[in-house]
Each structure stands twice: as structure tokens, then as C-alpha cells.
Amino acid sequence: VDRFLHSYSLVAQDLPAEQLQRLQELFSSAVEEHARLLAQVQGATLVPLELESRLGSLIGRFQLYLREARAVCTQSWARFQPLRMVGGCTLIAASCLLCYVASELAAASDSFYRSCLLYPLLWGLVVAVLLGLAHAFTQEGLDLLIVSSWAAAASQLGFFWHWWSRHPKRARLAGSQPPLASVGLRQRLRAWLGLAFPMGILLFRCGAMFSDSFVVAEARVAPFLLASLVMLLVGKLHWDGRLTAPEGPKQQLLGFSSYRREIWYLLCLVAMLLICVRLSGFFHQCREEIPQCRPSLFLSPLASLRNTRAKNLFYLLCVALLAGLVYAVRSWLRHYGNLNSSDPLVLFVRWGFPLVVLCIACYWAVASSADDSLGKLQELVQVAVVAFPWAVYGLASVGLLLLLCNPMTVFAKDTRESAGSIVTPYLGVPSSEVDFLHVIPQIYKRMQESQKSRLERGSCKATVAAYGLGSVYSAALVIALTLLGFLLMLLHSERLSLAFLLLFLEAFMLLHIHTRAKGLAGDAEPFSVPWYAVISWLLAASQFFYSTGHQPIFPAIHWNAAFVGFHLDHSTNLLPAVLVGANTFASHILFAVGCPLLLLWPFVCEMPSSQKRKPKKEPREEPQEMEEHMMEMRLRESPEKFSAALLQLGLKYLFVLGTQLLACVCAAMILRRHLMVWKVFAPKFLFESLGFVVSSICLLLGISLVMRVDCAVSTWFSQLQLR
């Protein structure tokens, strides 16, 4: 200990010199006493009793030295501020409570934005300005942390004050009404039970943060909790009787219930989701605390493979996966009519996506064979290793700019009948082939118009056919997610594209399971996203943090991502930090940007609850039938509800993120003296905090993109009315 303190004091100046001098005096006097005692023992001049007492005194002096040395080091190295820690935890807890309460109030109040959000925000700004002026007049140092904390606390107090002042009014109104029957109590109990099981999973997730063993094994905990949540969802639907068809006379006579046809589709989706969860475990990274673990072979780049045949097979597989992703996205857009127009964004999806895949494939080919090239070819390879990533960066940037400038992927076709004759009159019978080529298409067009006029009833008459309007919001998000996926796959090793394929498949399964479950449950609130969907979405994000080869430890960071497109030179630390951060939090970015799909996807797929079974209709009721298939245009029927639903979804997402962050912060605070605090809890706290910041920013970007599309749709409708 003395040698370490002496060596440390030579390179660092954080230990007080006076206390180091006192420690040196204590140690020197104890060593001298030990030397004298050793000499007397060797000379046999001490009796046993005197030797025992002097040995006890010497041991006491050495123990005093160790205690003093520990006190000095603790004072300098382990300085904690418990008051600020408690204040920070209180602010995070109040923010989580605010997000939960605001998410419940968002859809229930018309003046919610002004009374519960705008005014408290102004309170916080006023407090921040007053504190800044007080520091300026007193000429004291301005602590931005203290000012921002007090501003946040003031805004939170303002929110809860407004909420509490309105809460008794609702209670009095509820008390003035007659008591409801037991049916209302049963529905309320079901609602609480429906909230209990996803919140229970979230509680288990937060409780695992307090155990170093669970933090070390979190790569297996998150998939287990996700699978448990999905299975509990199916069990709840069965418990509520949502999976069985209404009993007819035959079923009542035989005494059994038949299941709906939709249940088999739901079970297939759940099975495919569980398969994706299981397969994602093959892309794991190991920690030092698990010595028997072996990292996945998929984490190493193709250049590390010595077997040329295996390298080529993996390369072809990765390129085929990229091409398959482009084909799937374009097929989905074509299915919903979002590839019919000739706008720049649609043209980019048609031709830009294959070009991006080509650039990524060329980069992988060059990077995997860079070590095998010799001579002048080596210089060409060095240029290509930089050029192809920059081509991908440029193409992706162009695509995102086109998406922001004009996110509409709608093709409008005027179907109004012309006033004049459709077929051009001919003088006599057409005798040549050219005449027939002119007449036959017009006759076919006339037949179409005649058939359409027969189908029209009353005043309901389509004048403009809009292709892709029913999925215009989701199409923009899908295009943005595809571009982000290309960029993030470029920053990872080649074989991790398999993990990204599983990520997109699992997200697709979660969206369809959410849609089917919401339809089977008969949700009367189509603008509300249930808690289980939000929690499962975030659990998937946590799962793929580990399934893309990451761990919340510093040795597991993929530092080579900072040099994708750069030849070992950076003029600033900002750009490599962005690249490494995007590589580390790739799953957080994709799931946060795609979070609005949880609200939009049931409208795209036309929820079964909205397609009510009706008796056989009369011909005059046919237009009412046609209104059923509006898809995302149902959101345009009530813009206020749409805005409130987006806000509610964002608040729910932030609540779950904040709850996980709160658990991690509390674990780091309570276990700050734990043996594994710097090995397990502190790195986990840092990664969770950075993930929270990245997810919050990307969530805001995703919601902003939806709002940008909504503004573009409004402009499109206004231009359509002017025609």
C-alpha cells in the first residue's frame, strides 16, 4: 500500500500532500518498531508475554495505517453526493409519473395541451430565468445542473398542480351520477388486469437491474421476458373468451366452443416470433464474467475467414439478404399502391434502393478481400474502401431529404367522365389495322365507363382515384426505416446483416400480433396503443442490442465503425462518435423511429373490429360499405384525436424508457459500494442513459416524420379541391 501511494502521488495530484506525509510518518514509525522488535526476538532478549503485547501493539499500528490510508483514498476517489443522487432519482421518478398521467389524460381532454403542458413549461422557463438572474446579480458561478433541475422540478410541480386541481372536479361529477351496475365494475377489473400483466413484466425487467448476475445475463433475460409477454397476451385473450366464436345451437347442444379462424393466424405469428427470438441468440457477444462463453462466429468480418469457399458463400448470402429486403419493401409498397406515382421519392425507391444495395455489396466485396490484394491493386482497393461507403452515405442522405421535402407516395387519377363523345367518329367502316388500333382501346374505355356508371348509386360518385393514400403515413416510415437499416448494416460486419433481417422480421411479427390481438379484443379505442404493445416493442429493442453483437461494457464497443468510409484520419471527434454511437444503439434507433407504426399498422391492415359483420345489404346501402376501407384516412376524420394519439404513444414510450432508466440509476446509487459497481452497474448505467437519450431523440424524429406527412396530406387535399 505504501509503495502504491508513493507511485500514485508521483503521477497524480488528487491526494492531499499533508495527509500523505502523515501516512508516511505512521508507516515509517511502524516499520522501525517492527525492525527493533525483530532484532530483539533474534537476540532472545524478550520474554513471551512482553513479545505478545508488543506484537499486538505493532499490529494495531499497522491496522491504523491501513484505516487512515483507506480514509484518504475514499475521500479522494469515492466521493459521492447522496443528496444530488436522491434529487436526480426523484426528478426521474416524477418525470415517469408525469408521462403516465399525461398519457392517460391526452385523449380525455380537449384543453390538455394548454393547461397541462404549455403552462407548466412556462413555469419552468420562468424559474430558470429567475435563477439565472439571481446568479448574475450575486456574481456566483452558474451551475447549469442546478438551474435545469430546479426548472424541471418547477414545470413538474406546475403540471401536477393543474392535474390535481382538475381531479376533484372529475371526482364530484362521477359522484353525482348514479352508481353503475356490476358490469362496469367487471369491465374496470378487466382493464386493471389487462394493465397488470405488461406492467408486471416491466417490473421484472426493472428488478433485474439490481442484480449483477441478471445484468451479466441480460442477453437472455430480455428475450425471455419478450416471449413471456407475448404468451401472456395470448393467454389473456383466451381467458377473456376472445378466441372462441359465438356459440350456436349446435355448439350448445354438443357442449363445446369452436375457435375463430383468426386464432390460427395469430398462433402462427406467435410461433414465428418465438423462432426469431430463438435465432437471434446466435449473434451474442461474451463478457469477461462468463469464462466458458464463446463469442458468435457471425461477429467477425468476412476478411477473417481463411476458407475462400465459406467466405464466398457467406458473402452471397449477405448480398441476397439485402436484395430480399429491397424486394420485400418494394412489394409491400406496390401492394398498397405507393409505387404508382412518378414523384422523386418513388423513383428513388425504385432505382435508388438497388443502387444502395449495389454499393454496400461492392464495399463488402472489397473489404473482405483487402488483405489479398497486392501492388497497384492495393491502392485501388484503398480508394474503393472509402468511396463505396461515401456513396451509401450520399444516397441515403438524398433519400432522406426527398422524404422530408415531399413524403407523399400517392398517385391521383382523375376519373370524371368527359362531356363529349368518347369514341372519335369515323367516316365509314374502319378498313385498316391502324384504324382498329385506334378504335378498340376507345371501345374498351367506353365499356369501363359504362360499367362504372352502373355501379354508381345516388350521388356517391368517385371523381379522383388516389392510389396509396390509405398507407401514406406507414409508407414514409417504412422508407425511412429501410434507409436507416442500410446505413446501420454498413457500420456492422457483413454477417450481422442476418441479425438485422431477424430484427425486421420480428418487428413485422410484433406489429401483426398487435393488430390481430387488438382486433380480437374488440378495442373500442382505435386511436389508443395498449401498454403490452409498447413494452414488447421496447423489449425487442433491448433484445437486439445484444443480438447485434453488443454488451453494456467498454471492451465490447465496435470501434472499427468509426473508420467505415475513412482511412484512419479524423479531424474531429464528433463524426467518429456519431458512427460508433449509431453502431452501438442501432436497435434503439430503428425501434424508436418505427414506434408510430404501432398506431398506424392496425389502420393499414384494417382492424377486424372495424369490419363488423352486417346482414345482407340492400343496393342503396352500398356506398356505406365502401367507406369501410379507408385505412389510414380514418385518422384524417378526427385530426385532434390523431394528434392526441401520437402524443399518448410517445408518452407511453418515454414512460417505459424512463422506468428502465430509473431502475438502473437507483441500482447504481444503492449499490455504489458494491464490489462489482465499476465492472457491472456503472457501465450499465452509462449505456442505459445513452440509450435513453438516443431513443428519445429518434422517437421525436419518428413522430415528426408522421406530422410532416400529415402536413403534406393536408396540402394535397387542398390542392385537390382547387382542381
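## Helix packing and salt bridges

Tutor: This is a predicted model, and in this model helices α23 and α24 are roughly antiparallel to each other.

Student: What angle do α23 and α24 pack at, and how far apart are their axes?

Tutor: Helix α23, residues 639-670, packs against helix α24, residues 677-721, at an angle of about 175 degrees, and their axes are 9 Å apart. Since angles over 145 degrees count as roughly antiparallel, that is why the pair is described this way.

Student: Which residues of α23 and α24 make the contact?

Tutor: On α23 they include Phe642, Leu646 and Tyr653, while those on α24 include Phe685, Phe692 and Asp710. The residues of this contact divide into 15 nonpolar, six polar and three charged.

Student: You mentioned Asp710; which side chain does Asp710 meet in a salt bridge?

Tutor: Asp710 meets Arg636, at 2.9 Å from N to O. Asp710 lies in α24 and Arg636 in the loop between α22 and α23, so the pair ties together parts that are 74 residues apart in sequence. Arg636 is partly exposed, with a relative accessible area of 24%.

Student: New topic: where do Arg36 and Glu33 lie?

Tutor: Both are in helix α2, residues 17-42, three residues apart, which is about one turn of the helix, and their side chains form a salt bridge at 2.7 Å, N to O.

Student: Is Glu33 buried or exposed?

Tutor: Glu33 is buried, with 12% relative accessible area, whereas Arg36 counts as partly exposed at 44%.

Student: How many salt bridges does the count come to?

Tutor: The count comes to nine salt bridges.

Definitions and conventions
Residues are numbered from 1 along each chain as its sequence is written. This is a predicted model: local features need pLDDT of at least 70, side-chain atom pairs count only at pLDDT 80 or more; totals for chains, interfaces and linings use all residues. Side-chain values use heavy atoms; hydrogens and water are left out. Axes are lines fitted to C-alpha atoms, for helices over the stretch in contact, and angles run from 0 to 180 degrees between N-to-C directions. Helices (H or I, at least four residues) and strands (E, at least two) are DSSP runs, numbered from the N terminus. Angles under 35 degrees count as roughly parallel, over 145 as roughly antiparallel, 65 to 115 as roughly perpendicular and the rest as oblique. Contact means heavy atoms within 4.5 Å. Ala, Val, Leu, Ile, Met, Phe, Trp, Tyr, Cys and Pro count as nonpolar, Asp, Glu, Lys and Arg as charged, and the others, Gly among them, as polar. A salt bridge is a side-chain nitrogen of Lys or Arg within 4 Å of a carboxyl oxygen of Asp or Glu. Buried means under 20% relative accessible area, exposed over 50%, partly exposed in between (1.4 Å probe, protein chains only).
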